[in-house]
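Student: I have a model open and would like to talk it through. Can we go piece by piece?

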Amino acid sequence: MQRRISLIPQPQHLADAGGELDLSSLGAIVAADPEATGLAWLLSDLLARGTGLRLDVRPAFDGPAVRLRLEGPRPADLTREAEAYRLRVDDGGVDLAAAHPAGIARGIATLRQLLPADALRAAPAAEPVVPRVAIDDAPRLRWRGVHVDVARHFQPKEFVLAMIERAWIHRLNVVHLHLTDDQGWRIEVPSRPRLAEVASWRPETVIGHARDEAGADGTPHGGYYTLADLREIVAYGRERHIMVVPEINLPGHARAILAAYPELGTGHGKGVATTFGVFEEVLEPTEASLQFARDVLDTVAEVFDAPFIHIGGDEVPTAQWESSPVAAELMEREGIAEVRGVQAWFTRAFAEHVTSLGRGVIGWDEILDGGAPAEAVVAVWRNEAYVKKAVDAGHRVIVSPETYVYFDHYESDGPDEPLRIHGLTPTAKVAAWEPVPPGVDPAAVLGVQCQLWSEYMPSARDVEYGAFPRLAVLADVAWAAPEAREAAPVLERLDDHLPRLDALGVAYRPLEGPRPWQTGGSGARRRFDLEFKGHPAE
């Protein structure tokens, strides 16, 4: 019996031609264009790993084959046209055509989902058969991302590589690395060695939720990525046409920076933070702070090839600036009327340097306060009202409201859910979300992104459990047109998708509720209110 064709994300147009094609009847993978050759070898390796079938890559072949073809005028990067593809599976083989290599990469991701789920394993476990289909596909949104917080809890390089792989199979195109925060600094900067020596480690971590005041675990935690690690991560993403976008969060969330270089703040460094929340420490508005940022951003631009650098800018307190003679002098010199304008001064300086490096600037929606540089992309996290505010101010927007796409929120209101920061975001809520708010020009919406803040997801297994299957659902929301989503609801396809997550080794949350290994002792702890600090869960 032929397997049901069930894909996540749902293609825009899919026709089932009936029957299956055994890929072992094909003679080669054909890639005449050099830009498709690397993807052809990658597909060859993946087929060999999961099915045992090894197809050689050739520039030409006279016979049934997998053919990867680049055709037509090449579209610009980060456009819908760049990721569009056409996939045909029939008796003549597999024909995958696109105008840009990114489209070939997306088509390969679809082809991998057409194989039996066990073909995604790291050892031969499935027959190399795919259904005969005709697919014409392109993404709805240009930016489809997953944010991974490796600052609050450091994760090894191998986990980041795995997340890139999972992004690829779901036709996402961005992995955003949150590399710096109060609790740790995760990128080597050769000109600033104390970032690795001091800022990358904290002496211990709070037990339970920070608001419980339950003490600390007494266990040092930390680590950082060498430049070689990051180059490997970037290359892995590039091979799959996944942008790895770095975030250096400034001028707030600076406790780890000031632990290493206290002179960049008030001079009274308190050490790397061991609890979570928002701390008052900020960079002082000095030339030394700007030079620090330039040194770091220069290193980032050398290693990462994404067209954007994220400069953070969220949750920046002004208490220290309000009592700072340095800030007062700056405000008088620059004609800054309100202390919040000090952050805008920093933002302009950071943006100017990022632009000089040939990259675009992204910041969290707080950069709107005091006026963001016109060219900045605004990542809206607080609520959708800020989407309209940013668009009305002329910015492109990444829509990331915490009420829908913060996957460090609870997945149900049951007492046995693992500890989360707050909030309630069940899978069904993600599936029902419309990412373009009413009254907003869709052309200004660059795309969407989920956030995996890791305060209460310390291990790779915890991050996976928070991410999936919600991340798969978000991929469908971001890729599929509304009419395709309505015709084939993603919640009706999740059961078919879970075996793929099993094959990939993802420690996902079952649809029916928490796994036993995630709930030990959690029933005795208090769930936190869904309403917090003026940001409602609904």
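**Strands, helices and contacts**

Tutor: Gladly, and please keep in mind throughout that this is a predicted model.

Student: How many residues of β6 are buried?

Tutor: Six of the six residues of β6 (residues 93-98) are buried, so the strand is largely enclosed by the rest of the structure.

Student: What about helix α3, how many of its residues are buried?

Tutor: For α3 the count is 14 of the 14 residues, so this helix too is largely enclosed by the rest of the structure.

Student: What span should α3 have, and how far apart are its ends?

Tutor: Helix α3 covers residues 101-114, and at 1.5 Å a residue its 14 residues should span 20 Å; the end C-alpha atoms are 20 Å apart, which agrees.

Student: Switching to charges, how many salt bridges are there?

Tutor: The count comes to 38 salt bridges. One of them joins Glu 83 to Arg 106, with the closest N and O atoms 2.6 Å apart. Because Glu 83 lies in helix α2 (residues 80-83) and Arg 106 in helix α3, the pair ties together parts that are 23 residues apart in sequence.

Student: Are those two buried or exposed?

Tutor: Glu 83 is buried, and Arg 106 is buried as well.

Student: Which residues are linked with Arg 86 in a network of salt bridges?

Tutor: Arg 86 is linked with Arg 69, Glu 71 and Asp 95 in a network of salt bridges. As a general point, side chains of opposite charge can pair when their charged atoms come close.

Student: What does Asp 369 meet in a salt bridge?

Tutor: The side chain of Asp 369 meets that of Lys 389, at 3.8 Å from N to O. This pair links distant parts of the chain, since Asp 369 sits in the loop between β16 (360-364) and β17 while Lys 389 belongs to helix α12, 20 residues apart. Asp 369 counts as partly exposed at 22% relative accessibility, and Lys 389 is partly exposed with a relative accessible area of 39%.

Student: And Arg 294, what is its partner?

Tutor: Arg 294 forms a salt bridge with Glu 287, at 2.2 Å from N to O. At 22% relative accessibility, Arg 294 counts as partly exposed.

Student: OK, aromatics now. How many pairs?

Tutor: A search of the whole structure finds twelve aromatic pairs. In one, the rings of Trp 381 and Tyr 406 have centres 6.2 Å apart and planes at 25°, and because planes under 30 degrees apart count as stacked, that label applies to this pair. Trp 381 lies in the loop between β17 (377-380) and α12 (385-392), and Tyr 406 in the loop between α13 (402-405) and α14 (427-431), so the pair ties together parts that are 25 residues apart in sequence.

Student: Why does Tyr 406 count as buried, and what about Trp 381?

Tutor: Buried means under 20% relative accessible area; Tyr 406 is at 6%, and Trp 381 is buried at 8%.

Student: Which rings are linked into a cluster?

Tutor: Ring pairs link Trp 321, Trp 345, Phe 346 and Phe 350 into a cluster.

Student: Where does the charged end of Arg 240 sit?

Tutor: The charged end of Arg 240 sits over the ring of Tyr 236, at 3.6 Å from its centre, while Arg 255 lies over the face of Phe 279, 4.9 Å from the ring centre.

Key:
Residues are numbered from 1 along each chain as its sequence is written. This is a predicted model: local features need pLDDT of at least 70, side-chain atom pairs count only at pLDDT 80 or more; totals for chains, interfaces and linings use all residues. Side-chain values use heavy atoms; hydrogens and water are left out. Helices (H or I, at least four residues) and strands (E, at least two) are DSSP runs, numbered from the N terminus. The expected span of a helix is 1.5 Å times one less than its number of residues. Buried means under 20% relative accessible area, exposed over 50%, partly exposed in between (1.4 Å probe, protein chains only). Rings of Phe, Tyr and Trp (its six-membered ring) pair if their centres lie within 6.5 Å; planes under 30 degrees apart count as stacked, over 60 as edge-to-face and the rest as tilted. A charge sits over a ring if NZ of Lys or CZ of Arg is within 6 Å of the ring centre and within 35 degrees of the ring normal. A salt bridge is a side-chain nitrogen of Lys or Arg within 4 Å of a carboxyl oxygen of Asp or Glu.
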